[in-house]
Amino acid sequence: MKHCLYLSLLLLAFLSCGEDESKEKSPIAEVTYRQISYTVETAIDLNNDGVASTDLLEENEQVLNPQEITFTEKNTVIPPYAITTCVTENGDHLMEFVCIVVENYIQAPSYTINGNTVVIETGLIGELSQDLDTLRFREFLNRDHLNNYPHGDFNNLAAVSTYVRK
């Protein structure tokens with residue numbers, strides 16, 4: 001009888017030690033970051049007012065609202081959507097404007113942290129500040145030809161997107 005009691009207690013001790021206890025909680029779990037800037041290397045005119053800018057949130061504030069990124073306790077993330085611009089012809093000049101492509105995830109992408117580097121399963125790689133209050137991604141602004149517009153060379157632009165903890 002004592003033998004069964006000891007085995008039962010031993011089994012109970014093993015079962016009570018869950019997998020979650022051995023994993024370290026992410027330092028940004030349950031944290032939301034809000035975008036404060038989105039800058040590109042080459043100025044473009046997205047609102048077609050004749051003035052090009054490298055600050056796309058300011059350049060096209062009617063369409064490009066600051067995005068948010070929310071990291072969950074389960075190491076998943078609600079990531080920002082990718083920004084794409086479309087280039088088309090309007091009479092004798094080109095127009096470029098935002099074509100937003102929103103992805104609907106069946107399952108939220110995961111993320112990992114290694115030091116101050118955050119890697120989101122969608123391919124985004126960001127750097128966290130030491131105090132974890134700022135998150136910066138180097139990415140590309142995708143540029144597309146609307147209706148397969150055949151003229152010109154519109155390369156994707158390197159961009160930096162900066163977020164701060166809410």
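Predicted model: local features only at pLDDT ≥ 70, side-chain atom pairs only at ≥ 80, totals over all residues.
Local features require pLDDT of at least 70 and side-chain atom pairs pLDDT 80 or more, whereas totals for chains, interfaces and linings use all residues. Residues are numbered from 1 along each chain as its sequence is written, and side-chain values use heavy atoms, without hydrogens and water.

**View 1. The largest cavity.** The structure holds one cavity of 30 Å³ or more (on a 1 Å grid over the protein atoms alone, a set of points where a 1.4 Å probe fits but cannot get out; lining residues have an atom within 4 Å of a point). The volume of the largest cavity is about 40 Å³. Its lining consists of Gln-35, Tyr-38, Leu-57, Leu-64, Asn-65, Gln-67, Tyr-81 and Ile-83.

**View 2. The largest nonpolar core.** Among the 16 residues of this core, Ile-28, Tyr-33, Phe-71 and Leu-135 touch the most other members (a core joins buried Ala, Val, Leu, Ile, Met, Phe, Trp, Tyr and Cys residues through side-chain atoms within 4.5 Å; buried means under 20% relative accessible area with a 1.4 Å probe, protein chains only). Apart from this core lies another, of 12 residues, including Ile-44, Leu-64, Val-98 and Leu-157.

**View 3. Surroundings of Ile-28.** Neighbours within four places in sequence aside, Ile-28 is in contact (heavy atoms within 4.5 Å) with Tyr-33, Phe-71, Tyr-111, Ile-113, Val-118 and Leu-128.

How values were computed:
1 Å grid on protein atoms, 1.4 Å probe; cavity = no way out; pocket = protein on both sides within 12 Å on 5 of 7 lines; lining within 4 Å. Points joined across faces, edges and corners; volume = space filled by probe spheres on them. Buried < 20%, exposed > 50% of the residue type's maximum accessible area, 1.4 Å probe, protein only.
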